[in-house]
Amino acid sequence: MKLRALAAGAATLITAPVLTGIGVTAAHADNPDAEQYRPQYHFSVPDHWKNDPIRPVYLDGEYNYYYLYDVDYNGVSTQTAWRHATTTDQIVYHDEGIAIPEDTTFGSPMAGSIVVDTDNTAGFGAGALVALVSVDEGPTNATDQWVYYSTDGGDTFVPYSTTTPAIANPGPGLHEFRDPKIEWDEANDQWVALVAEPLSGIGFYASSDLKNWTFESFFPAPSGITFTECPDFFQMRADDGTLQWVVGASTGGDMHTFAYWPGEWDGSTFTPDTTVPKWLDYGDDFYAAVTYPDEASADRSTRFLKGWVNYWSHPNTASSWTVDGFTGTDAITRELRLKATGDTYRLVSNPVAALDDYATRTWELGDIAVDGERDLGYHGTSYRLDTTVSWADLDNVAIKLRRSPDGTRDFTVGKFDDFIYVDANDPTMYRESHAPFDPQATTVQLSILVDTTTVEVFVNGGEQALTMKSNLDPTDTGLQLFTQGGAATFGDVTITEFANVNGQAEGGTVFQDFDSGHDGWTTTGSAFGSAPATGTLPAQQPVTGWRGTGLVNSYLGGDASTGTVTSPTFTVSSPYVSFLVGGGDHPTPSEVFADFEGNDWGPGWTATGSFAGRGPTASSLTNQAGAKVADTFVNGGDAATGTITSPEFTITRDYLTFRIAGGDFPWPAVGNASVRLVIDGQVYFSATGDGTPTLRDVAWDVHSLRGKTAYLEIVDESTSTAFGHIMVDQVMWGNTPDAVVGEADTPTAVNLKVGGATVRTVTGTDAERLHWESWDVADFIGQTAQIEVVDQSTAGWGHVNVDEITFSDRPLG
């Protein structure tokens, strides 16, 4: 869903002369227990450790996902259990607890796979879940494959036997024999299991009942691969209409990621099209991946893929563990397609389409020409960036993600010579990964998923992918475009943010769910009626994403109805207020913070140096608003120096905008003349003039800083006789980068009021799907507040939807 097109705002967003270090973090200073490194839209373990995914199975309308989990993890993983989660869309997961405990009577469960035994071939009952599990049976790491089964829908599993394995270790001396993967072979009416012998290859076994298995053949590891783990075996329909078999495995050697081989299966032996492996992902942190059927794909033309974002050379280097007490994140679930390419086939992978359903904001920045370095005015730790980069001749072209305030840290994605690269800039991990690229090409399409601890790059529509984990600090939020040895155009640059889907699986204390009436909330007007709505209203597009039996929906009577619904007063007791919101994009109007029209700088403003005891200057500059501006030429001309500082304020809106002219003396250079946004003593944004007397618009995107306490300062340290001063006018707060005085006061919004003043506000996105929003309200803990839902719009999308208002210790959206 699209928040708004930023045609005019885009230029403002990317051209601010100096944009420094926005410090976004999930942990508020007043809430040190909040998690700083929890991913926003990737699956992560609730606590301690996870590693290998177990192939999900579909049962009763949802996918059941299992993974290896170590509740005793304390820097090193020793034994694992199978932990269980469920999902309907591969994005939001619900934790279901332990399904197989880590210490059984005869050993600890390692990797394996599950099938739904629809026809009761194993005799445990039709629809039972049957698993083949590697069990670590002691200090020698000798493993056999054992049958477990579940008759309670996958909540718990029990071993079929604790004395006789289903597939015994073929030894002697074969300590590593593991990771069985089961697939139904329809043409030969049999179950097939692949078991890895990591140092040599993969064994194929067959069974009619999932309990008794016979060895069929062996697929040796090709040259350049030193070991194979987590084998996979599946059949899917290629884009030429044919059904093809594919063997996959996580490997070591030349590369350590998911390798695969298309080929033919005759019921006993697999013959690859070529022994040369193909690679699904070229990143150094995409491992133990599993594929599984897309139940919506009747012709088997799509399949899902899930992988662990880590690798065994650096498994314990995770800031999430040392700071937040968990380590273990999955790559985004991917959709696989199989393309015919000459005499063989190739897998193409892209993020699961359901991710788009959780988009909350979109910035469309258009085409950006770069020759050297160009900072964008966007800051964040969790988003998707899409662009098509083109060039004529250059050495290096890159996007520097998660850039630190001082420019010493970032995560770089780029093209150099004949490869695409990702560079984590972290000596504790593999520093750089490469994917081959045509050196004659002059264009590349990139879709990059950035989350708190991961980066995933999809190249040219998913023909290649590169995944790496990241340990960057939560304050590393910058974004820079870069070229070397030539220029490039970053075309159709789009940034998309997503709801905190982990928060959707785990909530706080519900303040109001609107399932049993308004419950003490008061209403005005006709838009909200005498009780909450029970879903979509007449003539309304389908409303989705809400919970329970009721929600606030002001479409009552259509878009023409207006009104408010306001909560009783409550005391703010949690650091976050989170809720589901949808409906029209009609924000609360922009408001003036400083117009510099008085005789002094303004209420609460202070000044030092030449500007102490002075005030705004009458002027008639181009683009000036009103009769006066703040001009550091006052009381001394170009030689005047000092500061003009605002009172402290809480950031409550998405944009801080103003107009600036005068000398081009950027911060942090000595002798700068600039406007700066300061939080906790750190300069987060800065802007200077452009060497002309024409006031130009500057818009700082501060949406990720909402709730922070800040102040604005106008600084003039320049004594240059060539425009050694700056002029500033019309400082405003707004929800768009082009805020103006006199905007229509017709909001469809949710507001938080403290002391009668609106201190937080958010609007919809012109969509009927509700999404999570969260306000950081830690600075108001202990104060009395109210929540107001307001609909004053009678135009298109002139309504608002709200549900599940929750007080929480972490953001839910």
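**A quick tour of the model**

Start by selecting E264, D266, D273 and D343, which together make a negative surface patch. Asp and Glu count as negative, Lys and Arg as positive, while His and chain ends are left out. A patch takes residues with over 30% relative accessible area and no salt bridge, joining like charges within 9 Å; a salt bridge is a side-chain nitrogen of Lys or Arg within 4 Å of a carboxyl oxygen of Asp or Glu. Each charge is placed at CG of Asp or CD of Glu.

Keep in mind that this is a predicted model, where local features need pLDDT of at least 70 and side-chain atom pairs count only at pLDDT 80 or more. Numbering runs from 1 along each chain, and side-chain values use heavy atoms, without hydrogens or water.

Now zoom in on D343, in the loop between β22 (334-341) and β23 (344-351). Strands here are DSSP runs of at least two E residues, numbered from the N terminus. Is D343 buried or exposed? D343 is exposed, as its relative accessible area is 72% (exposed is over 50%, with a 1.4 Å probe).

Next, colour the open sheet of 5 strands, ordered β5-β4-β3-β2-β21 with mixed pairing. Its edges are β5 (94-100) and β21 (326-327), each pairing on one side only. Pairing needs at least two DSSP bridges. Inside, β3 (62-70) and β4 (81-87) run antiparallel over 7 bridges, and Y67 has R83 in β4 as its bridge partner.

Last stop: β46 (642-645). Antiparallel β43 (606-607) joins β46 over 2 bridges, and β52 (709-716), also antiparallel, by 4 bridges. Click T645: T606 is a bridge partner, and E713 in β52 stands opposite T645.

Technical notes:
Patch = residues over 30% accessible without salt bridge, like charges linked within 9 Å, V, L, I, M, F, W, Y side chains within 5 Å. Areas by Shrake-Rupley, 256 points an atom, 1.4 Å probe, with all protein chains shown as cover. Buried < 20%, exposed > 50% of the residue type's maximum accessible area, 1.4 Å probe, protein only.
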